[in-house]
Amino acid sequence: MVGRHPTAQILAVGEGRYLIDCGEGTQLRLLEHRRRFSTLRVVFISHLHGDHFLGLFGLLSTMSMQGRQEPLLVVGPWGIEQMVTTVNLHSQMQLGYDVTFQPIDTEAHALVYEDGLVRVWSLPMRHRVPCAGYLFEEQPRRARLLKERLPAGLGAAELNQLAQGRDLPPDAATGRPAVQHADVSVPAAPPTRYAFCSDTLYQPDLAELVRGVDLLYHEATFLDELRGRAAQTFHSTARQAAELAQSAGVKQLLIGHFSSRYRQIEGHLLEARAIFPATILASEGLEVTVGDK
Ligand SMILES: [Zn+2]
Ligand SMILES: [Zn+2]
């Protein structure tokens, strides 16, 4: 959900829910769009400009008032812990659950989080304050077994072994020959990947880090006629976002973070689509399905 409201996106992977940035009013928007946030596992913050994190305080305290007990991890640039701790101290807010902060190096491309569903890498952004994007990748899926190719009479333990990608040795007792995993399965589809590129100066080199992703979110604060202004303020234009999408060979581009100077944002879409046709506009409440799930 990005658009004229400050940035916030919910990423859903299986049962996992992850929040990416938390601009002012995020919890209100989530309620409005009927998105549950009680099950959030992790909040990823790109940088400490208000339009990307000011909603965090309200969200944390609302979750506490709703009775949340599960711990929450907040990943972001150094300083976020200090901000939250200070606000909680002076408002005498005691959260009913533990919040752990994980500061990241915003200049590095490094693995910053992993659970059973996703792996997340930081993407270095170039902005006026330390800023990171995030690359989300589903955990590798398993190859699918082809029932019609499986020899008859396999036991549960043997099937389990094959499901985990291992070969079966020959079975002397029954005379069954060895079963090669590759002969009875189809390889898993490559994991779905989503790259979130927050506020940044146009960086053509970023293409290497987001190559071939299923969906690229990239900021497009200005139209290209204000390319100079974009560079001065460490932002990008719609054309630049599209150029990055094209050179990185991504499947789909989502642009957002439009300057409030534009009353209409169709110009951004036209400008980007002229370079990269598979572009969509990030708007309030938009839901995008990525990959084949
Ligand atoms: Zn910013
Ligand atoms: Zn911003």
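Is Asp199 buried or exposed? At 2% relative accessibility, Asp199 counts as buried; the cut-offs are under 20% relative accessible area for buried, over 50% for exposed and partly exposed in between, with a 1.4 Å probe and protein chains only.

Some housekeeping. This is a predicted model, in which local features need pLDDT of at least 70 and side-chain atom pairs count only at pLDDT 80 or more, while totals for chains, interfaces and linings use all residues. Residues are numbered from 1 along each chain as its sequence is written, chains are lettered from A and ligands numbered from 1 in the order in which they are written, and side-chain values use heavy atoms, with hydrogens and water left out.

Now the metals. Asp199 bridges the zinc ion (ligand 1) and the zinc ion (ligand 2), which lie 3.4 Å apart. Donors here are N, O and S atoms within 2.8 Å of the metal, or 3.2 Å for Na, K and Ca; water is not among the atoms, so sites may look incomplete.

The zinc ion (ligand 1) is held by His47 (NE2), His49 (ND1), His127 (NE2) and Asp199 (OD), at 2.1 to 2.3 Å. Along the chain these donors follow H-x1-H-x77-H-x71-D. The angles among the four donor atoms run from 91 to 168 degrees, and the site is irregular. By the rule used, four donors are tetrahedral if all angles lie between 85 and 135 degrees; four are square planar and six octahedral if opposite donors are over 155 degrees apart and all others between 65 and 115; anything else is irregular. His49 is buried, with a relative accessible area of 18%.

Asp51 lies in helix H2 and His257 in the loop between E13 and H9, so the pair ties together parts 206 residues apart in sequence. Helices (H or I, at least four residues) and strands (E, at least two) are DSSP runs, numbered from the N terminus. Asp51 is partly exposed at 29% relative accessible area, and His257 is buried at 12%.

Next, helix H3, residues 56–65. Eight of its ten residues are buried, so H3 is largely enclosed by the rest of the structure. Those buried residues pack against strand E2 (16–22), helix H1 (26–32), E3, H2, strand E4 (72–77) and helix H4 (80–90). Just after H3, Gly67 takes a positive phi of about 95 degrees.

On to the cores. A nonpolar core is a set of buried Ala, Val, Leu, Ile, Met, Phe, Trp, Tyr and Cys residues joined through side-chain atoms within 4.5 Å. The largest has 29 residues, and Val210, Leu216, Leu253 and Ile255 have the most contacts inside it. H8 gives the most to this core, with six residues. Apart from it lies another core of 22 residues, among them Val42, Val112, Val118 and Phe136.

Last, the rings. There are eight aromatic pairs, counted when ring centres of Phe, Tyr and Trp (its six-membered ring) lie within 6.5 Å; planes under 30 degrees apart are stacked, over 60 edge-to-face and the rest tilted. Phe44 and Phe136 pair edge-to-face, at 5.2 Å centre to centre and 90 degrees between the planes. Both are buried.

Key. Contact = heavy atoms within 4.5 Å.
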